[in-house]
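I opened a new page for this structure. These are my notes on what I looked up.

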Amino acid sequence: MTTPSIAAPALHRLRAGMVGMGMIFDETYRPFFEALRQQPLFARAFGACEVELAAVSSRTGARAEQYLREAAGRIGKVQSFREPGSVAQLLKSGNVDFVCVATPDNRHFDACRAVLQAGKHLLVEKPSVLSLAELDELERLARQQNVLAKVVYHKLLDPDHKKLRTLVADGELKHVNNGYCSLLEPKLISGQQFSEWIRGRNPGTYVAVHYIKLIDFTFGGRLARVTCTGQRGIVGPAGGDTWDSTQLRLVYEYGDGREAAFDIHTSWVTPDNFPGYVEQEVQFRFDNGVWNAHSRKRGVELTIEGATPTKRKITMNNHYNGTFLEPWGARSQRGYGVEVLDRFAREVATVEFGGPAAERAKRLEAARALTYNDLSADRQVVATVQAMEAILERHAQGKPDCVVCVDHAAGGLVLFEPGSGQGHVLYGPRVVSA
Ligand SMILES: NC(=O)c1ccc[n+]([C@@H]2O[C@H](COP(=O)([O-])OP(=O)(O)OC[C@H]3O[C@@H](n4cnc5c(N)ncnc54)[C@H](O)[C@@H]3O)[C@@H](O)[C@H]2O)c1
């Protein structure tokens with residue numbers, strides 16, 4: 001009897017570049033690349049695809065090189081570049097097919113532009129960029145170079161948020177009217193982790209953006225107005241431009257003429273010993289229902305003498321990113337924070353290897369149509385971030401409580417100071433086409 005021969009599937013390869021080797025690299029990209037070293041990606045569309053971290057870039061190179069030493073055996077050979085000019089050197093090495101950008105928020109744009117100009121696929125951490133003009137430029141480059149430009153919003157992959165969206169999409173929850181979200185980071189984030197770049201920054205851009213996207217993606221509608229206030233005095237001077245906490249309000253309007261308002265409160269000065277590492281809570285009220293979610297009520301409370309709540313947290317989010325001993329004996333680190341990166345790599349592999357070369361353009365368009373992560377679908381989120389930053393800047397200059405109107409007769413983003421009918425145009429073109 002002859003054994004039927006089974007051809008081994010083609011083994012494709014994607015090489016990744018990483019710009020920024022800080023906290024989020026350690027939490028999500030590191031386990032992602034280390035897991036892929038063990039097991040390639042598999043999908044019917046493209047077969048098997050090795051994904052390997054090939055080059056990294058960071059400010060001083062110190063943490064990167066320490067990681068590369070410690071991870072020997074868990075990852076392959078990786079080139080490390082440092083400032084100045086680290087991104088240009090990484091791209092010049094010619095060693096990468098896609099690049100992930102995880103630098104501080106206000107340093108995304110330059111790195112992203114260089115990546116796209118070099119014709120590489122791009123994945124950037126949230127918030128993608130801080131202004132619509134920057135977003136326009138990245139979108140233009142991605143189209144010109146025929147590559148993907150995507151942003152990481154991992155909360156959209158949280159099973160709880162997927163359920164919320166499913167209930168809304170299926171019409172079980174009818175018409176959102178209003179809601180609140182809060183996300184509180186511990187003081188060590190502002191005091192230690194981000195101390196190098198925190199001057200002039202605010203926690204709203206850094207974390208409210210998770211909820212801005214959740215609201216935009218889940219409920220749709222058109223962003224109409226943005227207001228914001230905040231407090232200072234802990235991270236920086238009380239009259240300065242570095243913010244401890246912010247309260248942002250978005251008003252959306254829907255096709256039926258009704259409005260909804262959402263308040264998003266954020267902080268990065270919550271005491272380090274509070275029980276939930278990152279306190280997260282949302283409530284959305286609908287015509288026929290209420291959705292309540294609280295990170296500390298997700299189910300787990302742990303006490304270990306001498307360890308909780310500082311070394312280990314009393315409540316933990318095992319859905320986002322946890323280290324586990326699997327039932328079959330293996331150690332793993334996984335969760336939606338890692339899954340979102342895996343999805344992006346699959347999208348790139350599908351574009352590059354998921355069928356005949358002549359149909360690449362079709363596959364590229366299909367990947368671009370995914371509004372959960374494509375930069376072209378990030379317009380209302382970036383509009384909110386730009387509006388919030390402009391409002392906080394005016395506040396720091398002694399003019400609090402401005403409002404930004406979206407797709408106003410005078411322009412796409414128009415800022416009004418209290419008591420003044422004279423608008424200041426932040427962005428001229430429409431945010432969303434009529
Ligand atoms: N998805 C999430 O939930 C999540 C969580 C945390 C952070 N983030 C985002 O990830 C990004 C990075 O945050 P982080 O917490 O890792 O910050 P971090 O301060 O811990 O690390 C920043 C990294 O960028 C590098 N860097 C700084 N300037 C650079 C430059 N000019 N060129 C190259 N590298 C440079 C630094 O060397 C460092 O490795 C931010 O945009 C943040 O909003 C996302």
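**Helix crossing**

I began with a pair of helices: helix 8 passes helix 11 in a right-handed crossing. A crossing is called right-handed if the near helix is turned clockwise from the far one by less than a right angle, and left-handed if anticlockwise. Helices (H or I, at least four residues) and strands (E, at least two) are DSSP runs, numbered from the N terminus.

I noted where the numbers come from. This is a predicted model, in which local features need pLDDT of at least 70, side-chain atom pairs count only at pLDDT 80 or more, and totals for chains, interfaces and linings use all residues. Residues are numbered from 1 along each chain as its sequence is written.

Two packed helices are described by the angle between their axes and the distance between the axes. I looked up both. The axes of helix 8 (residues 203-219) and helix 11 (residues 379-396) come within 9 Å and cross at roughly 145°. Axes here are lines fitted to C-alpha atoms, for helices over the stretch in contact, and angles run from 0 to 180 degrees between N-to-C directions.

Which residues meet at this crossing? On helix 8 I listed Gly-204, Thr-205, Val-209, Ile-212, Lys-213 and Asp-216. On helix 11 they meet Gln-380, Val-381, Thr-384, Val-385, Met-388 and Glu-389. I sorted this contact by class: 5 nonpolar, 4 polar and 3 charged residues. Ala, Val, Leu, Ile, Met, Phe, Trp, Tyr, Cys and Pro count as nonpolar, Asp, Glu, Lys and Arg as charged, and the others, Gly among them, as polar. Two residues are in contact if their C-beta atoms, placed from the backbone, lie within 7 Å.

**Domains**

Next I checked how the chain is divided. I found domain 1 (11-155 + 329-370) and domain 2 (159-318 + 380-427). The bounds come from an automatic or database domain assignment. The C-alpha centres of domain 1 and domain 2 lie 26 Å apart. I read that 15 residues of domain 1 are in contact with 19 residues of domain 2. On the domain 1 side, helix 5 (residues 132-145) gives the largest share, 3 residues. That side divides into 9 nonpolar, 3 polar and 3 charged residues.

**Ligand shell**

I then turned to the ligand. There are 26 residues around the ligand, and Gly-20, Gly-22, Met-23, Arg-59 and Glu-125 come nearest. A residue is near if its C-beta atom, placed from the backbone, lies within 6 Å of the molecule. Helix 1 (23-38), strand 3 (47-58) and helix 3 each supply at least two residues of the shell. Helix 1 gives the most, with 3 residues. I counted the shell by class as 11 nonpolar, 8 polar and 7 charged.

Why does the ligand lie between the domains? Domain 1 and domain 2 both give residues to the shell, so the ligand lies between them.

Most residues other than glycine have a negative phi, and most peptide bonds are trans. I looked for exceptions.

- A cis peptide bond joins Glu-83 and Pro-84, with omega about 0°. I placed Pro-84 in the loop between strand 4 (79-82) and helix 3 (86-92).
- The bond from Thr-308 to Pro-309 is cis, with omega near 5°. I found Pro-309 in the loop between strand 13 (290-294) and strand 14 (322-325).
- His-175 has a positive phi of about 50°. His-175 lies in the loop between helix 6 (159-169) and strand 8 (176-186).
- Asp-407 has a positive phi of about 50°. Asp-407 lies in strand 16 (residues 403-408).
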